[in-house]
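Colleague: I would like to learn how to read cavities and cores in a model. Please take them one at a time.

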Amino acid sequence: MASLTTDIQTAITALTQGKPVALPTETVYGLAALADDTKAVQAVFEMKNRPLTHPLIVHVADLSLIKDRLAFVPAYVEAFAQAFWPGPLTMVFNIKASAFDPLVSAGQPTVAVRIPSHPLMLELLQMLNKPIVAPSANAFGRVSPTTAEHVLQSFAEQNLLVLDGGRSQVGIESTIIDATQDGYYSILRQGMICESELRAVDSRLLESKGERPRVSGDLKTHYQPQKPLFYFSEQAALNTLCNKFDNVFVIAKDKPEQDCVKSYHPLPLNAKEAAYQLYYLLREADQSEAEVILIEMPIDNEQWAGVIERIKKAGSAI
Ligand code: TXA
Ligand code: MG
């Protein structure tokens with residue numbers, strides 16, 4: 001049975017014994033294991049049902065812990081680290097041969113690294129002084145958990161310890177940048193650190209996507225709730241849905257008039273609040289009696305890029 005603790009030392013003991021442990025971060029909860037413990041990392045892939053082709057993010061309290069494993073660190077990394085770490089930014093680096101278990105990097109010559117800012121997580125990483133991997137603590141392709149209870153729901157039958165750090169304050173996964181090239185960087189996954197914030201620190205953002213490392217967020221579908229999710233831009237689109245369904249869970253700026261709308265949740269007006277609510281509401285919708293979920297697509301603007309990317313991958317347009 002999965003169980004909760006608030007004691008960091010209990011979580012460290014379990015990790016050190018080679019057991020995966022769910023840990024809070026400011027973005028979403030992660031399913032953690034020591035990065036250098038092959039068996040524990042393997043267990044993480046199995047618990048999540050994650051294909052081995054999808055590399056993991058390494059979490060550390062300080063980059064110096066793994067710096068000698070990196071082949072090359074572009075000069076701009078220092079400025080990004082200063083500006084955004086600890087926090088919801090992941091950087092992908094070139095690594096030295098065999099520096100990380102091939103499971104961690106999915107056999108690629110790179111590794112993704114982040115320093116999370118959640119106080120419990122950061123304290124744990126400081127005490128542990130070892131790198132840990134932590135993919136989001138959900139079954140592969142599903143909605144990431146933003147509370148310890150969500151993790152318990154996903155892994156109820158498994159023998160998993162969950163470190164309860166309250167609700168994740170950011171609410172969607174970190175922004176990922178490719179930091180493998182000296183002259184430029186590119187965005188691999190949108191998050192709440194947006195393009196203009198990155199540009200303000202270093203302007204060499206590569207526009208064209210070209211050849212990119214593989215990112216699991218690159219799949220067309222991802223972050224999916226159990227119920228069908230649709231998104232719309234015009235409220236009239238709801239009429240089509242109401243012809244087919246009697247109970248629709250709606251997240252939108254204004255409350256729709258249609259009778260099929262049995263639960264309504266306002267879509268927050270600012271992106272930060274919307275990101276905080278998004279996965280939480282999708283889970284609430286999954287628990288409800290609704291047949292389908294409908295969400296209003298926010299207006300395309302770079303502050304909303306992280307939220308929009310999640311909605312597009314989780315649902316389909318009507
Ligand atoms: O906010 C987050 O990043 C959360 C928390 C728990 O830290 N973690 C998270 O992990 O979202 P996960 O496994 O759900 O997503 C990791 C993403 C995937 O899209 C993966 O493909 C990408 O990071 N990634 C990992 N290593 C990579 C690499 N070497 N090159 C390119 N992408 C990589
Ligand atoms: Mg994930």
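Colleague: How much space lies in the second largest cavity?

Modeller: This is a predicted model, where local features need pLDDT of at least 70, side-chain atom pairs count only at pLDDT 80 or more, and totals for chains, interfaces and linings use all residues. Residues are numbered from 1 along each chain as its sequence is written, and side-chain values use heavy atoms, without hydrogens and water. A cavity is a set of points, on a 1 Å grid over the protein atoms alone, where a 1.4 Å probe fits but cannot get out. Points are joined across faces, edges and corners, and the volume is the space filled by probe spheres set on them. Here the second largest cavity holds about 50 Å³.

Colleague: Which residues line the second largest cavity?

Modeller: Lining residues have an atom within 4 Å of a point. Among them here are Ile251, Pro268, Gln277 and Val307. Eight of the lining residues are nonpolar, one is polar and none is charged; Ala, Val, Leu, Ile, Met, Phe, Trp, Tyr, Cys and Pro count as nonpolar, Asp, Glu, Lys and Arg as charged, and the others as polar.

Colleague: Which residues touch the most other members of the largest nonpolar core?

Modeller: A nonpolar core joins buried Ala, Val, Leu, Ile, Met, Phe, Trp, Tyr and Cys residues through side-chain atoms within 4.5 Å, buried being under 20% relative accessible area with a 1.4 Å probe, protein chains only. Of its 48 residues, Phe80, Leu89, Met91, Phe93, Leu160 and Leu198 touch the most other members. A second, separate core of 28 residues includes Met192, Leu267, Ile293 and Ile311.

Colleague: How many cavities of 30 Å³ or more are there?

Modeller: By this rule, two.

Key. Chains are lettered from A and ligands numbered from 1 in the order in which they are written. Buried means under 20% relative accessible area, exposed over 50%, partly exposed in between (1.4 Å probe, protein chains only). On a 1 Å grid over the protein atoms alone, a cavity is a set of points where a 1.4 Å probe fits but cannot get out, and a pocket is an open set with protein on both sides within 12 Å along at least five of seven lines; lining residues have an atom within 4 Å of a point.
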